[in-house]
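Student: Please take me through this structure slowly, setting each label against the definition behind it.

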Amino acid sequence: PARTGAVSLRSSGKALKKALTDRRFIVILLFIIALQLQIYPPMLYYQRDVLKFSKEFIGVLEAVGAVASGAGALLFAVIVNRISRKLLLNLIIGLNALSTVSLVFMTGETSALVIYTATGITGMVAFLGILELAARACPVGIEGTAYAFLMSASNLAKRPGIILGGYLWSAGWSFPTLVLIGSGLTLLCWFLIPLLKLDAEDEKYPKK
């Protein structure tokens with residue numbers, strides 16, 4: 001088993017090395033990392049300590065968001081093969097920024113329900129868009145290793161923003177300020193799209 005594990009590890013290492021020499025893979029990797037590098041406000045503490053939401057209502061919000069996410073997944077399935085890759089990139093950035101900035105308008109239970117419904121849909125479309133880009137960026141023959149690397153890089157890139165958001169909140173920064181900074185950092189990713197230089201054959205997803 002140990003020898004098998006060593007062989008598997010060497011194989012994964014070779015696959016990753018091959019992926020990191022693929023231009024398309026590299027640019028999508030950098031785009032995904034840049035998209036995740038933002039400041040994330042401490043939502044739970046804001047809802048509990050500032051808006052005074054009960055634990056029960058916070059649970060209801062999560063349930064509403066989950067149902068809305070299901071609707072977002074269905075919407076993504078409908079549109080993904082009907083839009084260009086460039087448009088998908090713009091949607092991912094725009095929807096991520098919109099989902100974040102909408103949190104500024106959460107002032108009570110009614111607005112929270114509306115916002116969680118809307119961001120559940122838009123957030124899922126953006127999230128699945130990232131997964132779609134990652135899957136299509138993986139070089140042929142090493143898809144599993146390349147995709148796992150992309151998702152690991154995405155998750156790791158998100159952690160500093162979560163930590164920094166919590167630190168700035170505890171240091172006295174307001175929730176709207178953190179939200180607007182996070183949205184602004186997301187919008188900066190728009191400047192990266194021309195740098196991706198997508199090939200003509202990748203410009204549109206195949207029609208079904």
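**Labels and the values behind them**

Student: What makes tryptophan 169 partly exposed?

Tutor: Its relative accessible area is 22%, and since buried means under 20%, exposed over 50% and partly exposed in between (1.4 Å probe, protein chains only), tryptophan 169 is partly exposed. This is a predicted model, in which local features need pLDDT of at least 70 and side-chain atom pairs count only at pLDDT 80 or more, while totals for chains, interfaces and linings use all residues. Residues are numbered from 1 along each chain as its sequence is written, and side-chain values use heavy atoms, with hydrogens and water left out.

Student: How do you know that tyrosine 46 is buried?

Tutor: The relative accessible area of tyrosine 46 is 10%, and therefore tyrosine 46 counts as buried. Of the 208 residues of the chain, 40% are classed in that way.

Student: What makes the chain one of helices, and how many are there?

Tutor: There are nine helices and zero strands, where helices (H or I, at least four residues) and strands (E, at least two) are DSSP runs, numbered from the N terminus.

Student: How many aromatic pairs does the structure hold, and why is the pair of tyrosine 46 and tryptophan 169 called edge-to-face?

Tutor: The structure holds five aromatic pairs. Tyrosine 46 and tryptophan 169 lie 6.2 Å apart, centre to centre, with 85° between the planes; rings of Phe, Tyr and Trp (its six-membered ring) pair if their centres lie within 6.5 Å, and planes under 30 degrees apart count as stacked, over 60 as edge-to-face and the rest as tilted, so the label is edge-to-face. The pair links distant parts of the chain, 123 residues apart, with tyrosine 46 in helix 3 (residues 43-50) and tryptophan 169 in helix 7 (residues 143-170).

Student: Why is the pair of tyrosine 46 and phenylalanine 175 called stacked?

Tutor: Between tyrosine 46 and phenylalanine 175 there are 3.7 Å centre to centre and 5° between the planes, which makes the pair stacked. Phenylalanine 175 lies in helix 8 (residues 175-187) and tyrosine 46 in helix 3, so this pair ties together parts 129 residues apart in sequence. Tyr46, Trp169 and Phe175 form one aromatic cluster.

Student: Why are helix 2 and helix 5 called roughly parallel?

Tutor: The axes of helix 2 (residues 23-36) and helix 5 (residues 85-101), which are lines fitted to C-alpha atoms over the stretch in contact with angles running from 0 to 180 degrees between N-to-C directions, come within 11 Å and cross at roughly 15°. Angles under 35 degrees count as roughly parallel, over 145 as roughly antiparallel, 65 to 115 as roughly perpendicular and the rest as oblique, and helix 2 and helix 5 are therefore roughly parallel to each other. The contact (heavy atoms within 4.5 Å) is made by Arg24, Phe31 and Leu35 of helix 2 and Arg85, Leu89, Ile92, Ile93 and Asn96 of helix 5.

Student: What makes helix 2 roughly antiparallel to helix 6?

Tutor: The axes of helix 2 and helix 6 (residues 109-137) come within 9 Å and cross at roughly 160°, and that makes helix 2 roughly antiparallel to helix 6. Their contact is made by residues including Phe25, Ile28 and Ile32 of helix 2 and Ile130, Leu133 and Ala134 of helix 6.

Student: How do you know that leucine 61 is buried?

Tutor: Leucine 61, which lies in helix 4 (residues 55-79), has a relative accessible area of 0%, and is therefore buried. Leaving aside neighbours within four places in sequence, leucine 61 is in contact with Gln47, Phe53, Ala112, Leu113 and Tyr116.
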